[in-house]
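I opened my notebook to record what I looked up in this structure.

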Amino acid sequence: MTPAGIDALDGPFTTRQLLRLDDALRIADQSTGLTFSVYIGDLEEPTREHAEQLHRQLDGSAQAVLVAVSPNQRLLEIVTGPEARKRISDRDSKLAALSMAAAFAGGDLAGGVLAGLDQLASHAGRH
């Protein structure tokens, strides 16, 4: 993953979309005090465990939120560290996931990720 939290080498995003995602991550981090990251790519089976492994690799994983999206597998995992989970409930994550899935179904990968980050940061609130 890059320092900005986006793993997008040869990825599905345009430069403009990457800049918007980078801005969204920075704003979410600054406004909440949590660390938000996005992973786009295939997830190994079992997918939840792979997403959790990726999450554990993040600096400050206790305060981190990982949005892992595998377009090829049509999978989405949201992983929150123990400190982040105090502010973002499973219900909040599920609502964000539903919003993202709706955008993904319409072919808008970047828009879905942006909407999900915004919802998760809003649920986390200001620090």
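**Entry 1: helix H2**

I started with the buried residues of H2 and found that they pack against S2, S3 and strand S4 (75–80). A note to myself: I am working with a predicted model.

Which residues of helix H2 (residues 47–56) are buried? I listed Thr47, His50, Ala51, Leu54 and His55. They cover an arc of only 145 degrees around the axis, so they sit on the same side of H2. I wrote the general rule beside this. An α-helix has 3.6 residues a turn, so residues three or four places apart point the same way.

I then picked one residue from that list. Histidine 55 lies in helix H2. Is histidine 55 buried or exposed? Its relative accessibility is 5%. Buried means under 20%, so histidine 55 counts as buried.

I looked up its contacts too, skipping residues up to four places away in sequence. Histidine 55 touches Ser61, Ala64, Val65, Leu66, Val79, Thr80 and Gly81. I also checked histidine 55 against glycine 41. They are 14 residues apart in sequence, and their C-alpha atoms are 14 Å apart in space.

**Entry 2: the loop between S2 and H2**

Next I turned to the loop. Glycine 41 is found between S2 and H2. Its relative accessible area is 17%, and I marked glycine 41 as buried. Leaving out residues up to four places away in sequence, glycine 41 touches Val69, Ser70, Pro71 and Gln73. I also looked at glycine 11, which is 30 residues from glycine 41 along the chain. The C-alpha atoms of these two glycines are separated by 8.3 Å.

Proline 46 is in the loop between S2 and H2 as well. I checked the peptide bond from glutamate 45 to proline 46. That bond is cis, with omega near -10 degrees.

**Entry 3: the loop between S3 and S4**

Arginine 74 is found in the loop between S3 and S4. What is its phi? I read a value near 55 degrees, which is positive, in a residue other than glycine. Arginine 74 has 75% relative accessibility, so I put it down as exposed.

**Entry 4: the cores**

I moved on to the largest nonpolar core, which has 25 residues. Which members touch the most other members? They are Phe36, Val65, Leu117 and Leu120. I noted the elements that each supply at least two residues of this core: helix H1 (15–32), strand S2 (35–40), strand S3 (64–70), helix H4 (90–105) and helix H5 (109–124). The largest share, eight residues, comes from H5. Apart from this core lies another, of nine residues, among them Leu43, Ala51, Leu54 and Val79.

Leucine 117 is found in helix H5. With 2% relative accessibility, leucine 117 counts as buried. I also noted asparagine 72, which is 45 residues from leucine 117 along the chain. The C-alpha atoms of these two residues are separated by 21 Å.

**Entry 5: H1 against H5**

How do these two helices pack? I found an angle of about 5 degrees, with the axes 10 Å apart. Angles under 35 degrees count as roughly parallel, so H1 and H5 are roughly parallel to each other.

I wrote down both sides of the contact. H1 brings Gln17, Arg20, Leu21, Ala24, Leu25, Ala28 and Thr32. H5 brings Ala110, Val113, Leu114, Leu117, Ala121 and Ala124. I sorted the residues of this contact into ten nonpolar, two polar and one charged.

**Entry 6: phenylalanine 104**

Not counting residues up to four places away in sequence, it touches Val69, Leu76, Leu109, Gly112 and Val113. Proline 71 is 33 residues from phenylalanine 104 along the chain, and their C-alpha atoms are separated by 8.4 Å.

Terms used. Residues are numbered from 1 along each chain as its sequence is written. This is a predicted model: local features need pLDDT of at least 70, side-chain atom pairs count only at pLDDT 80 or more; totals for chains, interfaces and linings use all residues. Side-chain values use heavy atoms; hydrogens and water are left out. A nonpolar core is a set of buried Ala, Val, Leu, Ile, Met, Phe, Trp, Tyr and Cys residues joined through side-chain atoms within 4.5 Å. Buried means under 20% relative accessible area, exposed over 50%, partly exposed in between (1.4 Å probe, protein chains only). Helices (H or I, at least four residues) and strands (E, at least two) are DSSP runs, numbered from the N terminus. Axes are lines fitted to C-alpha atoms, for helices over the stretch in contact, and angles run from 0 to 180 degrees between N-to-C directions. Angles under 35 degrees count as roughly parallel, over 145 as roughly antiparallel, 65 to 115 as roughly perpendicular and the rest as oblique. Contact means heavy atoms within 4.5 Å. Ala, Val, Leu, Ile, Met, Phe, Trp, Tyr, Cys and Pro count as nonpolar, Asp, Glu, Lys and Arg as charged, and the others, Gly among them, as polar. The arc is that of the directions from the helix axis to the C-beta atoms.
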